[in-house]
Amino acid sequence: MSSGSYFPPPVRAVAIPKPHGGGTRTLGIPAVADRVAQTVVARHPMRRVEPVFHPDSSGYRPGRSALDAVGKCRERCWKRDWVVEFDIAKFFDSVPWDLLVKAVEAHTDAVWLKLYVRRWLAAPLAMPDGSLLERERGTPQGAPVTPPTQWVTRA
């Protein structure tokens, strides 16, 4: 990995139905070798990134789960009479790559890591019909390096 010689293959696009009949969501399924490489890269900045995450944040963090988030919500429900919920529509489909790279650069000086993040962002999607879809923004959900939204919002 540190030599810079690894080039990711296209990411297999798989459409999965959204709950409640809301259409489909496209997941990006990387090759097995790519998943291994992405896991290596994702672990590298964790020591620097972990301290800047909000203590209540559970998404994409080691040792935390969706049930931890539910538990925190339940705890808060007993303290407040109101709830705020929001979802950034198509966030992962539309996030500009320069913001993702900027967020990564804020947490590492490893040139090889930034190189691979750029390559994974630019990897085309292999569509179910066999065609390749080139992308200019966004990142497919479903990969080990799909960014925590905290990286983008704190960059």
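## A walk from the hairpin to the core

Start by selecting Ala15: its bridge partner in β2 is Thr26. Strands here are DSSP E runs of at least two residues, helices are H or I runs of at least four, and both are numbered from the N terminus. What you have open is a predicted model, where local features need pLDDT of at least 70, side-chain atom pairs count only at pLDDT 80 or more, and totals for chains, interfaces and linings use all residues. Residues are numbered from 1 along each chain as its sequence is written, and side-chain values use heavy atoms, with hydrogens and water left out.

Strands count as paired once DSSP finds at least two bridges between them. Ala13 is worth a click too, as it sits opposite Gly28 in β2. Six residues lie between the two strands, and in this hairpin His20 takes a positive phi near 65°.

You get an open sheet of four, in the order β2-β1-β3-β4, with mixed pairing. β2 and β4 (132-133) are at the edges with a single partner strand each, so one side of each has no neighbour in the sheet.

**Stop three: zoom out.** Colour by secondary structure and trace the chain: β-β-α-α-α-α-α-α-β-β-α. That comes to seven helices and four strands. Of the 155 residues, 32% are buried (under 20% relative accessible area with a 1.4 Å probe, protein chains only; exposed is over 50%, partly exposed in between).

**Stop four: the core.** Which residues have the most contacts inside the largest nonpolar core? Select Val41, Leu100, Leu113, Val117, Trp120 and Leu121, out of 15 core residues. A core of this kind is a set of buried Ala, Val, Leu, Ile, Met, Phe, Trp, Tyr and Cys residues joined through side-chain atoms within 4.5 Å. Two or more residues come from each of α1 (32-43), α4 (91-94), α5 (97-105) and α6 (111-122). The largest share, five residues, belongs to α6.

**Last stop: back to α1.** Pick Val40, which lies in this helix. Val40 counts as partly exposed because its relative accessibility is 42%.
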